[in-house]
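Q: I am new to this structure and would like a close look at one part of it. Please begin with a pair of packed helices, then walk me through what else can be seen.

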Amino acid sequence: MFESVYSEPPGPLSMRFEAPPADVPTVDVVVIGGGVNGTGVARDLTLRGLRVVLFERNDLAFGASGNSSGMIHGGVRYLSKNPSVTRDSCKDSGFIQAIAPHLLFRIPFIMPVRKGPFASVMYELIDAYFQAYDIFQPLKRGKPHARLSADECRRLEPGLVGDFVGGITFDEWGVDGSRLCVLNAVDAKERGASIHVHTTVEAITREGDGGHYIVRARDRITGQVQRVRAKSVVNSTGAWGPITAAIGGIHTPKMRLRPGKGIHVAFDRRLSNYAIMSQAIDGRDIFIEPWQNMSVIGTTDDDYYGDLDNVLPTSEEVRYLVQGIARVFPAVREARIVTTWTGVRPTLYTYGKNEDALSREHEIVDHRESGAPGVFSMIGGKLASYRLFAQEQSDVVMSYVGQNEKCVTHVKPLPGGDVVPSAMETADAYGITPTAAQRLTYRHGSRALRILDTLGDQPDDAEIVCPCEPVMACEVKHAVREEFARTVDDVSRRTRLGLGTCGGMRCAFRCAQIVADETDVSPEQGRAMAMTFLERQTKMRIPAMGTPQARQEALLIEQLRGAGVRR
Amino acid sequence: MNSFVVRAFADEQGDSADSDGVDMTKRIAVVGGGIAGAMVVSLLERWNAERAEKSALVWIRGRSGASALSSGVLDADEDEILTGTTRNIFAELTGATLDNCFVATDIGTFREAKGRLPQILLLPRARGRILVASGFIGFDAKHLSRSLYDDAKRVGSALAFEPTRRNLRERTEERHMSGASLAAAFDLAERQALLLQSLREELQYARTQSDLPVVGVLFPPVLGIRTNLAALLTGQLGLPVGEVVGGVSGPYAARYEAMMEPLRARVTAVEGWVTGCELRDSAISLAVVKTGEDDAQGIHACDKLVLATGGLVGGGFSYAGGQWIGASPTPSHARSTFRSSLIEPTGVDLPGSLFGEAPESLAWPYVSGDRMRHLAATSPDPSRVWVVGALNGKASWLSCVKDAERVVAELTRNP
């Protein structure tokens, strides 16, 4: 006899038994959520031989994973309270560098220390703190910190202003979080997993005998419904976690989160080769970092109660960040913001603390106590520790299904991570521009060559669809054929198409044509995809634009109207 | 785009200093290089020609903003009809045809318009096939044929579309050219001859494939900058050849500038940016920074001034308050972010907040009805200063032309 998985009233839903439907495919595990934790678990379990299906309601990396600061950091902030976390973070950073060397890039930081009361003492303390951090730096191929005079700081970065006691340098590693998710998903697929994006889970029910779960999911684009039978279900939906659990009738205080909204502001170019730390007006640490081919300011941290599918920045948040960075690096005032991105951290629940003081730790919730053995939720966590979190979750699942293969995700390269081709040689060999080759090899590692090989049959696919990034037609096709992209927005997430100065005005419709042809949808649906993308990008951009950008925005909109685009 | 900032002149700059000898004593200055300004100049030129006592006319233009991006279709904000002299002058200036028509867009749709510039293909109403030129980068003839065929049904057209069998862009080096560069390449006689030959062969082949007549050939926006290649090919082949309405990276700005060259040559034109103006009892002083001459500055005096400097869309004037809201320090007072200024500040008519109007409250797609387009300035002295075109809230070319007609009528009423 089934009992409610969570008996505390007034639970509106309870996990129901369902008679076993016919013709339902059976797998070992259903993973819900296509962020870095979900795709990481899918990859890990697949590598250990389990049959896995992954459902993602939106797109891979749609949430916090694709909207983070884009760093695999060593956990320096945990050093004083929990050095073992720092050690593990550094160690895992080293592993991720090994399996995806093409995707990581060094970000050297400068932390200038302003003159003021106790500044000299503070400088010594910071120096000592980083001396302790240096112990772990080799684990992530980090360079030891350096202590700089004020003049040395300014020599490194002439754009710095202010009266400093001195400064500290240290380094972290940047990563494209969206690519990291995609590569994990691609590897899982190539090893047998089934990945479904834009597919929302509508119900999780138990079979009559109680041994399996039936997961019902609906494709949000086609409306098609599918069911999968699984021994275990992993809820890795980040900030959506409590909602997903509720779909399964699970209502437990253990699933409480304290979602925190963080925005980033992106500039059109690298304003400095160094990341620069500063303090916002409220004393919070913020930074501007060179990230891929742009500069990024991050980040805010505010409790968030809004729609998780539609998280938008505000101009107040943008001004808060720019003001804080301009205090030490005023060049940002003259620079051009091209977009913002916004994510919601699935921070563990605590009442009464400021957002910044919340733990960034992760937990695995076993819903056995809620009457749902084999159902697990991954809550909390951060991009930098995803692999470790996925390993821990996979260990739990393996134990539950009675198998004992060990994790190998730290030694098996992600797709394209086996060899990193030279961008210049690639450009020469395929007759493409060095910039296009550099960006392509960054995103795809050795698989860039596989993509470019398709030009032999389709030379016109060397067409530059997005001139800002740049992105070629062959890469758009690859994103659709091999990386689960189904919309323009999906392609953008994988390639950064449309995120440059023109905001997609030059490439969105061309990309949509290719996606429509590749996915066999009508040209009209393709145009709708493009408009959805442009609207979304405009919403992300407008809160950050200044007068010149406002003019350009209006001009571009005007030209879209001229071309007959209507909404 | 012209920059027009409210800034009173310092007294020591004088009233009528004239750095380059331009005679402004007869007193009409038109500021703005877009279609509204150009039409005011054209209409005044005609008016002047019909009078014994001439007025001096100076056209001050920096860059043309929204007008230069016009992709060749002509709309009207309202049901505006150009007639008589205005219509003739507009057609002469632009080569436009003013008729209700359907044109094709590069996103694969039919679009209705009240007129078109000469390169744009008028989609025939008769049943038949339109060949879509293959081989142009970013112009997927196969996809567009399918898309236009689908959309034709929506508007009740019996047209069929099919890609040409062969690539009409035959030169390898053109693979990496787009927009204005490629269009400029088709200004060359040698390149035109090659294209004509290819088209002849292609038409011959197409006619063997189906009994459905070929009624047109559709190109991306590449058919010349200075040459009206569409008309040339149409004449040579005996069937309509033209372009789709293109997008952001088209050759339109270059074409617009080429279109304006004859007018520029006929009137006194000053290439420069107006950076300030002052209304005095005796005259209106304009501070001009010339482009292309080491930013030479000068003061021009005139009696009547027409401002056609574009609105927010045209980027025609600067905005008071923080030039860049993201970087502004905390302001000391409430203000509207996009408050525009034209001697007397003209607010955007939105409540300010401590930090200024949030841009997201103004702009598409947040705001239905698009408030950005309705920003307009008012004249500080309606008897001497006229505001025309986008600066007056007009969004379309035809509306700007009608507005130019109105302003010139007012201006010439009491010369």
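A: This is a predicted model. Start in chain A, with helix 14 (residues 508-519) and helix 15 (residues 523-541). These two helices of chain A pack at an angle of about 140°, and their axes are 8 Å apart. An angle over 145 degrees would count as roughly antiparallel. Helix 14 of chain A and helix 15 of chain A are therefore oblique to each other. Their crossing is right-handed.

Which residues make the contact between helix 14 of chain A and helix 15 of chain A? Helix 14 of chain A brings Ala508(A), Phe509(A), Ala512(A), Val515(A) and Ala516(A). Helix 15 of chain A brings Gly526(A), Arg527(A), Met529(A), Ala530(A), Met531(A), Phe533(A) and Leu534(A). By class, the contact of helix 14 with helix 15 in chain A holds 10 nonpolar residues, 1 polar and 1 charged.

Now step back along chain A to the loop between helix 13 (488-495) and helix 14 of chain A. Arg496(A) sits there. Its phi is near 70°. That is a positive value in a residue other than glycine.

Two other loops of chain A hold cis peptide bonds. One bond runs from Glu469(A) to Pro470(A), with omega near -5°. Pro470(A) is in the loop between strand 20 (464-466) and strand 21 (471-472) of chain A. The other bond runs from Gly298(A) to Thr299(A), with omega near -20°. Thr299(A) belongs to the loop between strand 15 (294-298) and strand 16 (302-303) of chain A.

Turn to chain B and its sheets. One is an open sheet of 7 strands. The order is 13-12-11-2-1-14-17 in chain B, and the pairing is mixed. Strand 13 (297-302) and strand 17 (385-387) of chain B stand at the edges. Each has a single partner strand, so one side of each is left without a neighbour in the sheet. Neighbouring strands of this sheet are turned by 35° against each other on average, direction ignored.

Look inside this sheet. Strand 1 (residues 28-31) and strand 2 (residues 57-61) of chain B pair in the parallel sense over 4 bridges. Ile28(B) has Leu57(B), in strand 2 of chain B, as its bridge partner.

A helix lies across part of the sheet. Helix 8 (residues 397-413) of chain B lies across strand 1, strand 14 (304-307) and strand 17 of chain B. It runs at about 165° to strand 17 of chain B.

Helix 8 of chain B also meets helix 2 (residues 84-94) of chain B. Their axes come within 11 Å and cross at roughly 125°. That makes helix 2 of chain B oblique to helix 8 of chain B. The crossing of helix 2 and helix 8 of chain B is right-handed. From helix 2 of chain B, the contact uses Thr86(B), Phe90(B) and Thr94(B). From helix 8 of chain B, it uses Trp397(B), Leu398(B), Val401(B) and Glu405(B). The contact of helix 2 with helix 8 in chain B has 4 nonpolar, 2 polar and 1 charged residues.

Chain B also has an open sheet of 4 strands, in the order 8-7-9-10, with parallel pairing. Strand 8 (159-167) and strand 10 (241-243) of chain B stand at the edges. Each has a single partner strand, so one side of each lacks a neighbour in the sheet. The twist averages 30° from one strand to the next. Strand 7 (residues 128-134) and strand 9 (residues 214-219) of chain B pair in the parallel sense over 4 bridges. Arg129(B) stands opposite Val214(B), in strand 9 of chain B.

Definitions and conventions:
Residues are numbered from 1 along each chain as its sequence is written. Chains are lettered from A and ligands numbered from 1 in the order in which they are written. This is a predicted model: local features need pLDDT of at least 70, side-chain atom pairs count only at pLDDT 80 or more; totals for chains, interfaces and linings use all residues. Side-chain values use heavy atoms; hydrogens and water are left out. Axes are lines fitted to C-alpha atoms, for helices over the stretch in contact, and angles run from 0 to 180 degrees between N-to-C directions. Angles under 35 degrees count as roughly parallel, over 145 as roughly antiparallel, 65 to 115 as roughly perpendicular and the rest as oblique. A crossing is left-handed if the near helix is turned anticlockwise from the far one by less than a right angle, and right-handed if clockwise. Contact means heavy atoms within 4.5 Å. Ala, Val, Leu, Ile, Met, Phe, Trp, Tyr, Cys and Pro count as nonpolar, Asp, Glu, Lys and Arg as charged, and the others, Gly among them, as polar. Two strands pair if DSSP finds at least two bridges between them.
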